[in-house]
Amino acid sequence: MTCFNIRPVAALLALALISAPSLAGDGHDHGDAAPAATANGPQRLPDGSVFLPKPAQRQMTVRTSAVQAGKLPRALELPGRVQMDPNAGGKVQALVAGRLEPGPRGLPSVGQSVRKGDVLAYVVPSADAIERSNQAAQLAELRASRDLAQKRLARLRELADTVPRKEIEAAESEVASLSARMAAIGGGLSGRDPLVAPVSGVIASANAVTGQVVDARELVFEVVDPTRLRVEALAFDAAVASDVDTAFLVAAGKKVPLAFIGASRTLREQALPLMFRAEGAALSALAVGQPVQVVVQTRSRIEGVPVPADTLVKNPSNQNIVWVKTAPERFEPRVVTVQPLDGATVAATTGLKAGERVVTQGATLVNQVR
């Protein structure tokens, strides 16, 4: 019988088991394996461009448009503020001191529509005790004089055949005069001063409460027409006033054209106020006193490429860039120098060429691909 030494064989088997990878059965792995690398997904390439396959472009709603170069107006961004149009708005102030009472439809609230001539509130004039007593005494005296004049007129009418006509007419005039004076004084004691809307529009501000005591010339209501406003812009270069061509501002995502009215001849805080007129339904998104950015286009021209303002994004160096489509699935960043054009569009003076396809929608998503 031949005897084998089993110790070396056992050692070799143990070493093979240790070195072999341990595999779990189907459905029992723990996800420790690294994901397989793929080159078909969106990714940032080493040269800074982005590879974006067509399915990803459709999912991200990426849209491009060919740009054209040309001579564009030089534009400036000026700080501005929305103001009330004096021809389409007004202030309601109390003429006399007194107590407020609601109008026929109650006291109007902010945002309520009113029409020209609507009674918004009443002011019951206030008077001290001495003044009211003097008016009451004068009213009593006039009432007594009118009663005597009426009795005298009645006697003269009974003697109309023997009394001249001019005496009867004089008596009638005296009665009418005393009655009118009584009505005037009585209205001062018990009358109310109505506060009416000067224009049709919307209540912009209301400082009225039932029973509130107001002084003369105190502002109670403001009425504005939200579709007709004015915008005041401040130019720190006086030469801009003589070079204004057109102007715009952006309200509710829409470009609103402004009509230049004129420039002030007096500096305010080292700036020259420019006044513009605006009309349109888009102005309903603006409020009186709201600060806005006014884009003023001058008559001078510059060479540039107009692109939508939404195409501009920032690179890691905080520079303005746009994404240009150089291949069906490849996008390259371009550093551009821009100037304002009309609020919704900017002029790229460097970095772009005519005919290149610029990402006009989804540029922010393309910029986030890593």
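This is a predicted model: local features need pLDDT of at least 70, side-chain atom pairs count only at pLDDT 80 or more; totals for chains, interfaces and linings use all residues.

Trainee: Why is Asp85 called buried?
Mentor: Buried means under 20% relative accessible area, exposed means over 50%, and partly exposed lies in between (1.4 Å probe, protein chains only). Asp85 has 2% relative accessibility, so it counts as buried. Arg230, with a relative accessible area of 18%, is therefore buried as well. Buried residues make up 31% of the 370 residues in the protein.

Trainee: What makes the link between Asp85 and Arg230 a salt bridge?
Mentor: A salt bridge is a side-chain nitrogen of Lys or Arg within 4 Å of a carboxyl oxygen of Asp or Glu. The closest N and O atoms of Asp85 and Arg230 are 3.4 Å apart, and the two form a salt bridge. This pair links distant parts of the chain, with Asp85 in the loop between β4 and β5 (89–93) and Arg230 in strand β13, 145 residues apart. The structure holds 13 salt bridges.

Trainee: What makes strands β13 and β16 a pair?
Mentor: Two strands pair if DSSP finds at least two bridges between them. β13 and strand β16 (residues 272–279) have 8 bridges in the antiparallel sense. Within this pairing, Arg230 stands opposite Arg277 in β16. Strand β4 (residues 70–84) also pairs with β13 in the antiparallel sense, over 5 bridges, and Gly80 has Ala233 in β13 as its bridge partner.

Trainee: How do you know that strand β13 is mostly covered?
Mentor: In strand β13 (residues 228–235), 6 of the 8 residues are buried.

Trainee: Which strands are the edges of the open sheet?
Mentor: The open sheet has 4 strands in the order β9-β8-β6-β11, with antiparallel pairing. Its edge strands are β9 (193–196) and β11 (213–214), each of which pairs on one side only. β6 and strand β8 (residues 119–125) pair over 5 bridges in the antiparallel sense, and Tyr122 in β8 is the bridge partner of Glu101.

Trainee: How do you know that Arg192 and Glu101 form a salt bridge?
Mentor: Their closest N and O atoms are 3.0 Å apart, and they form a salt bridge. Arg192 lies in the loop between α4 (165–190) and β9 and Glu101 in strand β6, so the pair ties together parts that are 91 residues apart in sequence. Arg192 counts as partly exposed at 44% relative accessibility, and Glu101 is partly exposed at 22%.

Trainee: What places Arg192 over the face of Tyr122?
Mentor: A charge sits over a ring if NZ of Lys or CZ of Arg is within 6 Å of the ring centre and within 35 degrees of the ring normal. Arg192 lies over the face of Tyr122 at 3.9 Å from the ring centre.

Trainee: How many aromatic pairs are there, and why is the pair of Phe260 and Phe276 called tilted?
Mentor: The structure holds 1 aromatic pair. The rings of Phe260 and Phe276 have centres 5.4 Å apart and planes at 50°, so the pair is tilted. By definition, rings of Phe, Tyr and Trp (its six-membered ring) pair if their centres lie within 6.5 Å; planes under 30 degrees apart count as stacked, over 60 as edge-to-face and the rest as tilted. Phe260 is partly exposed, with a relative accessible area of 32%, whereas Phe276 is buried at 0%.

Note on methods. Residues are numbered from 1 along each chain as its sequence is written. Side-chain values use heavy atoms; hydrogens and water are left out. Helices (H or I, at least four residues) and strands (E, at least two) are DSSP runs, numbered from the N terminus.
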